[in-house]
Amino acid sequence: MIQHDSLSLPAHRPVASGQDPVAPDEPGPPCTARPWMPALLYTLGFLTVYLLAVCTPWGQRAENALFHLSTKGSEEAWIYPLSGAAYGSTPLPPMELSAKPTLMVGLAVIVVLTLARRCWRQGCAALGVVLLTTGGKEVLKSTVLPRPDLVGAPENLLDQGFPSGHTAIPAALTLAAVLVVSPRVRPYVAAVGVLWLACIAAASSAMGGHRPSEVLGATLLACACYGLATWLLPPPAVPGTTRGPRALPAITLALALVIALASGARDDSLIRSLASGATAFVCAALVRHAAAGRPAHIARRARPARH
């Protein structure tokens, strides 16, 4: 009887002073995703887009054909009056000459939020996301990822580089803001940034500044830098799942689709308009997915509660 009673009681082991009283054979919290996978997948997507769209003759012909569908220039785009290209018009940031001022203001806001909230690690990671995305874009476009002319394209189609700089700015600033803002406002900041990106990505493609692959490549580059930043951050400093109203993700993506189609619309080519809008919507969905976060990033080192 004594032996039976002893087996029916929960087993408690003596714990030395200063140690966490957790049984070694007690299962830890489940880890459903590896933290380095998002950065790897975004990087592979970035390289795949470059290899297929830029380094193959059929990829170049497909994108160059979009330009041949339009007989006129950027004036046929609906968003042209807000582009800054029209005489006396104010550019929608970060289009035309507003690119650098937008980047500087965005970096300043990140610094102010970091100082106000004293989130030093997140602030450094946010600055790294912006600087690595925008600076890496310049290096990749000029030296590492050239655009070879494989199909004898017109000279005016050889000036564009991979990836797009105007698209990289809103994508990087949106993901950087997710790292430093308060969790309560994070869903709304991400939503505004996604809508901003949808507009700029569609406008860059519709006005002929960049091909769809260049717009998509800039977004994937920003997402890869964000994934790298969240991987390097310690688990307590990584933003968890971006929670807000249940309908907010669906509303955000629906508005992003409308904005992308309107910003990418042209009067002279329905196919080019749809291609620009669809590409911008994919970019918005990618940033929305990256900014949403994953609970496994925080839970992978969490300890059970003490009893």
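R118 is found in the loop between α4 and α5 of this predicted model. The phi angle of R118 is near 55°, which is a positive value in a residue other than glycine. With a relative accessible area of 64%, R118 lies over the 50% cut-off and is therefore exposed.

A second residue with positive phi is E96, where the angle is near 50° and the residue is again other than glycine. E96 belongs to the loop between α3 and α4. Its relative accessibility is 41%, so E96 counts as partly exposed. Most residues other than glycine have a negative phi, and most peptide bonds are trans.

Cis peptide bonds were found at two prolines. The bond from P93 to P94 is cis, with omega near 5°. P94 lies in the loop that runs between α3 (57-68) and α4 (99-117), and E96 is likewise placed in the loop between these helices. The bond from F162 to P163 is also cis, and here omega is near 0°. P163 is located in the loop between α5 (120-144) and α6.

Two packed helices are described by the angle between their axes and the distance between the axes. On the α6 side, the contact is formed by T167, A168, A171, A172, L175, V178 and L179. These residues meet V215, A218, T219, A222, C223, Y226 and T230 in α8. By class, the contact of α6 with α8 comprises eleven nonpolar residues, three polar residues and no charged ones.

Helix α9 (residues 248-263) packs against helix α10 (residues 270-292) at an angle of about 150°, with an axis separation of 8 Å. Because angles over 145 degrees count as roughly antiparallel, α9 is roughly antiparallel to α10. The crossing of α9 and α10 is right-handed. From α9, the residues in contact are P249, L253, A256, L257, A260 and L261. Their partners in α10 are L274, G277, A280, F281, A284, A285 and R288. The contact of α9 with α10 divides into eleven nonpolar residues, one polar and one charged.

Technical notes:
Residues are numbered from 1 along each chain as its sequence is written. This is a predicted model: local features need pLDDT of at least 70, side-chain atom pairs count only at pLDDT 80 or more; totals for chains, interfaces and linings use all residues. Side-chain values use heavy atoms; hydrogens and water are left out. Contact means heavy atoms within 4.5 Å. Helices (H or I, at least four residues) and strands (E, at least two) are DSSP runs, numbered from the N terminus. Ala, Val, Leu, Ile, Met, Phe, Trp, Tyr, Cys and Pro count as nonpolar, Asp, Glu, Lys and Arg as charged, and the others, Gly among them, as polar. Buried means under 20% relative accessible area, exposed over 50%, partly exposed in between (1.4 Å probe, protein chains only). Axes are lines fitted to C-alpha atoms, for helices over the stretch in contact, and angles run from 0 to 180 degrees between N-to-C directions. Angles under 35 degrees count as roughly parallel, over 145 as roughly antiparallel, 65 to 115 as roughly perpendicular and the rest as oblique. A crossing is left-handed if the near helix is turned anticlockwise from the far one by less than a right angle, and right-handed if clockwise.
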